[in-house]
Every structure is written in C-alpha cells, then in structure tokens.
Amino acid sequence: MTAVGIDAIEIWTGNLKLDLPGTFAPQKGEDPEKYTKGLGLNASSFPDSYEDIVTMGANAAHRLMDRKGLEPDDIGRIDVATESSFDNSKPVSTYVAGCLEQVYDGDFHHANKGERKFACIAGTQSLDDAYNWIRAGRNRGRSALVIATDTALYARGDAGEATQGAGAVAMLISEDPDLVELSAEQGYGSADETDFLKPNQQFPSVDGKRSVQVYLARMREALEDYESVAGDVHLDDFAYAPFHTPFPGMVRKAALLAYRHVIRNTSVEDELADDIGRQPRAEAFDTDDEYRDALRDYMDSLKETDRYQEWYAEAIDPTLSISREVGNWYTGSVHIARVSALKEALEDGRDMAGERLLVGSYGSGAQAEIHAEIVQDGWEEEIDALNVDEQLAERYDMDWADYEEIHDAHNHEMDVDVEEFTTPSEEFVFDGWGRMGERK
Ligand code: HMG
C-alpha cells in the first residue's frame, strides 16, 4: 500500500513577542519562574495589527507552495482548522484561497474547501480527513493542503493569559510523503466536557485546573483505545512523542501519565519495583481516595527515577523547544511539537529515517487522539528548509503598554486602531474583518 502522510510543513509565527519572565511576570507581581519553570514558557507569539488567522495561514501556505514548486492545480483540497474563526458561514479556507490566488496564475475553483472545528484537535482531524480522502482514491493525483491557524487569546486577567500564542502551520498531505507517513490506526478518548469553551464569544471561558485533568483523562483513554487496535505501546519503539502543548508543563504531566500506563505489567515496572514499589492496583484499596493517594505517591517516585528522566529527556523534551518560545497555537500546537523534535534531531545529526513518532493530539470539549507516524527519507531536507529560528528572532519584543494596545486591537468587541509595530514584507496583510488579506 502506498504511504500517505505529511509531505511538507511550514510555520508562520505572529510577528510580535511577549516576554513572560521579563515583561509579563513583573506586571503580574509573580515570580518569573512560575512561567519559565512551572508552565515551561519563555515567551508568546502575538499577531501584529495587520495579522490575523487568514494572513498567517495564507503566509504559511504560500511559503510551502513556493518551496515545493506547487501550483493551484496540484492541490485538490484545502482544509483550515481553527477555533478563532470570525465567519459562521464562509470557511476560512476560502479567504486563504483568495489570498493565494493573488500570487498564482491558476485558481483553486476545483478544490474542495472546508473548515474543521474541535478546539485544538481540529488540526489533526483535518490531517485525518485528508488521509482518508487520498486513501479513498478521491484525490485524482492531487494533494491536500491542511492549515492550522489560531490566535489563542484569553481575556486579560484570566489565568490562561500566560499561555496565549498566535501562529499557523501549513501541511501538505500526499502519497509518498517526504516527511512522515501517518498510521491507519488511531485511538480516541472523547467526552462532552465544559471546562474550556467559547459559545458565541471570542475569548474562552476556562476552568483551567479542570481542563488539565480532562486533558489527562481523555489522553489516557486514547492511549488505551490505540493499544486496542495497534497492540501494546513500547516506548523504545518511538523516538519522540509529540503531544498537544498548551504549555510545556502540561506535557510534563501527560508524559508521566503515558509512561506509567505503558510500563505497567512490563519488565520496566519489575526493574523499578525494588526502588519505588509496584504500581498501586485499584482493587487493593477500600476507597477511591486511598487509591488516588497511593497513585500520586507512586507517580511522584516514578518521576524521580533515572530511567524515567532519561526517557523524558530523549523523547519528550525535544518536542517542547518551539512551544517554549511561542505559547499555545491551539490547532497548530501538536504540529509544532513534531517540528521541534525533528529540528532537534537534525541539529544533533541523528538519522531519523524509519524512526517512529507517537503523536498525542488533544482538543478541549473534549477529545484526545493517539496515532503513530514513520519518519520518511526526505525528512532532513524538509526540516532543514524551515526558517523557524529566524522568524522567532525577528519578532518585535513588546513592552507592557504595547501588549495592552495590541490585545485590545484584536478584541473583536473593541474598535481600536493600532499602529503596526513591524513592517510587513512579502506577506499577506489583514484588510478588515471578513476580507481577504492583500499581499504587501
Ligand atoms: P495558574 O493557576 O496561574 O498557575 O494557572 P499554577 O498556580 O497552577 O502554577 C502553574 C505551575 O507552576 C504549577 O506547576 C506550579 O506549582 C508552578 P504544577 O504543580 O502544575 O506542576 N509554579 C512554580 N514553579 C516554579 N517556581 C515558581 C512557581 N509558581 C508556580 N515560583 C493554568 C495554570 C494551567 C490553570 C492556566 O495557565 C490556565 O488556565 N491555562 C489555560 C487552560 C489550559 O491551557 N489548559 C491545559 C489543558 S486543556 C488544553 O490543552 C486545551 C487548550 O489548548 C484549548 C483547546 O483545546 O482548544 C487550552
């Protein structure tokens, strides 16, 4: 069977930066280490006043098409995944196509366009839709363009304010991909939850602490469901495990949960038993509370073992390097975790072709999905072509007054006109609500 997966990827960050320890923490009267060590974040990306989900998505897509030498006729499908949409009827993909048509001779009239919504997991769901479309043989030799684009803004003063971010990831889904092949097996954990939602509102209503617990519960279900179709997960089989990263501290918790889950009843649990005992089994306790306490003690000990820390340093930490500098990109977040890991592998001179990734996606509301990916021969060239470091370095570093101004400017309820902090160059720029970006 021909491989189907991600052929190429491009990233577009919002052009502004908010320094969390340097600018945010002093303003909030908090210890900077709450952000750098607790949440694991150094900075967030923000859109300048001429950027929005359309321009960032179109800019990422244009870079991708340009680099791969693609014309509109090569693309049979454009799906935008976003939870920051401003139009309840017309999908954001039509605005993006309108932008791209300004710079190509052809058009995208032949392309099926849509918009996917399920909080942050929609980016991965769009990959799945593209995969299924190609596998069903409906693509007529064409590829799919999947764009995950969001401005992840919270109301000022909300606990989530420290985890904001803005950016887009464009991915080309094709047969014989150069970057990663997607597995046919997937595991899901899905339940009706109300810990994070935006019913007809721009900024989310969030029960932050509960959202962390819901993430972990759904991710555990997804892992179990994945194992029911793909067999038991052995962590040594996976070079990296990129997870949805609202902030790196969340992934620290998810990684520990996943590790505990996959080592139960294995030789790893046996080997660790002398030092930290065996995993508590629910049936051995009279009450749920006693079981939970015992589990917490076990996890605390597990976290400190050399074996766990080595695995974390190798398989998880490299997935977090971009996220630390950009914050939460919602639908794009798990896809920048994949790029972070492969970028670090490239910098370390690792040969990744044939290696496997265990990818954990998540969206509030809530659903988690686990699937595997196999890194393809062309990965080095694909990752080497990215200019992530340059993009991050070129962002304008806002002071607090700049931040308040730009946050107001992006608040749909306010009519605030803000000067541009950066000068757009060879990119699409925002041209008013509901209009496509114009290329500068
Ligand atoms: P908070 O209450 O401000 O922070 O909000 P905290 O007091 O819980 O501290 C955070 C961590 O920093 C803790 O670590 C502290 O101990 C530590 P933990 O115990 O959790 O390991 N800390 C320090 N460490 C070192 N030095 C210090 C220090 N002080 C504290 N001085 C919260 C945290 C996550 C609730 C908040 O940021 C929030 O509401 N975020 C938004 C919601 C969110 O991101 N949830 C994540 C799961 S849901 C999800 O991922 C979906 C999402 O992406 C949306 C979608 O799907 O569409 C959000």
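I counted a salt bridge wherever a side-chain nitrogen of Lys or Arg lies within 4 Å of a carboxyl oxygen of Asp or Glu. I worked on a predicted model, in which local features need pLDDT of at least 70 and side-chain atom pairs count only at pLDDT 80 or more, whereas totals for chains, interfaces and linings use all residues. Residues are numbered from 1 along each chain as its sequence is written, and side-chain values use heavy atoms, with hydrogens and water left out.

**Entry 1: salt bridges**

I searched the whole structure and found 29 salt bridges. I looked up Glu269 and noted that it forms a salt bridge with Arg281, where the closest N and O atoms are 3.1 Å apart. Glu269 lies in helix H8 (residues 267-276) and Arg281 in the loop between H8 and helix H9 (288-304), so this pair ties together parts that are 12 residues apart in sequence. For burial I took under 20% relative accessible area as buried, over 50% as exposed, and anything in between as partly exposed, with a 1.4 Å probe and protein chains only. On that scale Glu269 is buried, with a relative accessible area of 0%, while Arg281 counts as partly exposed at 28%.

I then turned to Asp129, which forms a salt bridge with Arg116, the closest N and O atoms being 2.8 Å apart. Asp129 sits in helix H5 (residues 122-135) and Arg116 in strand S5 (residues 112-116), so the pair ties together parts that are 13 residues apart in sequence. Arg116 counts as partly exposed, at 27% relative accessibility.

I also looked up Glu382, which forms a salt bridge with Arg67 at 3.0 Å between the closest N and O atoms. The pair links distant parts of the chain, since Glu382 is in helix H13 (residues 379-384) and Arg67 in helix H3 (residues 53-67), 315 residues apart. Glu382 counts as buried at 4% relative accessibility, and Arg67 is partly exposed with a relative accessible area of 28%.

**Entry 2: strand S12 and its partners**

I noted that strand S12 (residues 367-375) is mostly covered, with 8 of its 9 residues buried. Two strands were taken to pair if DSSP finds at least two bridges between them. Strand S8 (residues 180-190) runs antiparallel to S12 and is joined to it by 8 bridges, and in this pairing Tyr188 stands opposite Glu369 of S12. Strand S11 (residues 356-363) also pairs with S12 in the antiparallel sense, over 8 bridges, and Tyr362 has Ala368 in S12 as its bridge partner.

I followed the chain from S11 to S12 and found a hairpin with 3 residues between the strands, where Gly365 in the turn has a positive phi of about 120°. I recorded a cis peptide bond joining Gly365 and Ala366, with omega of about 5°; Ala366 is in the loop between S11 and S12.

**Entry 3**

I found an open sheet of 3 strands in the order S3-S2-S13, with mixed pairing. Its edge strands are strand S3 (43-46) and S13, each of which pairs on one side only. Strand S2 (residues 16-19) pairs with S3 in the antiparallel sense over 4 bridges, and Leu18 has Ser44 in S3 as its bridge partner.

I looked up Asp397, found in strand S13 (residues 396-397), and noted that Asp397 is partly exposed, with a relative accessible area of 40%. Asp397 belongs to a negative surface patch together with Asp399, Glu405, Asp415, Asp417, Glu419 and Glu420. A patch here is made of residues with over 30% relative accessible area and no salt bridge, with like charges joined within 9 Å and nonpolar side chains (Val, Leu, Ile, Met, Phe, Trp, Tyr) within 5 Å.

Which residues other than glycine have a positive phi near 50° or near 45°? Arg140 has phi near 50°; Arg140 lies in the loop between H5 and strand S6 (143-152) and is exposed, with a relative accessible area of 71%. Tyr330 has phi near 45°; Tyr330 lies in the loop between helix H11 (321-326) and helix H12 (333-347) and is buried, with a relative accessible area of 1%.

Key
Accessible areas come from the Shrake-Rupley method with a 1.4 Å probe; for residues, only the protein chains shown count as cover. Lys and Arg count as positive and Asp and Glu as negative; His and the chain ends are not counted. The place of a charge is taken as NZ of Lys, CZ of Arg, CG of Asp or CD of Glu. Helices (H or I, at least four residues) and strands (E, at least two) are DSSP runs, numbered from the N terminus.
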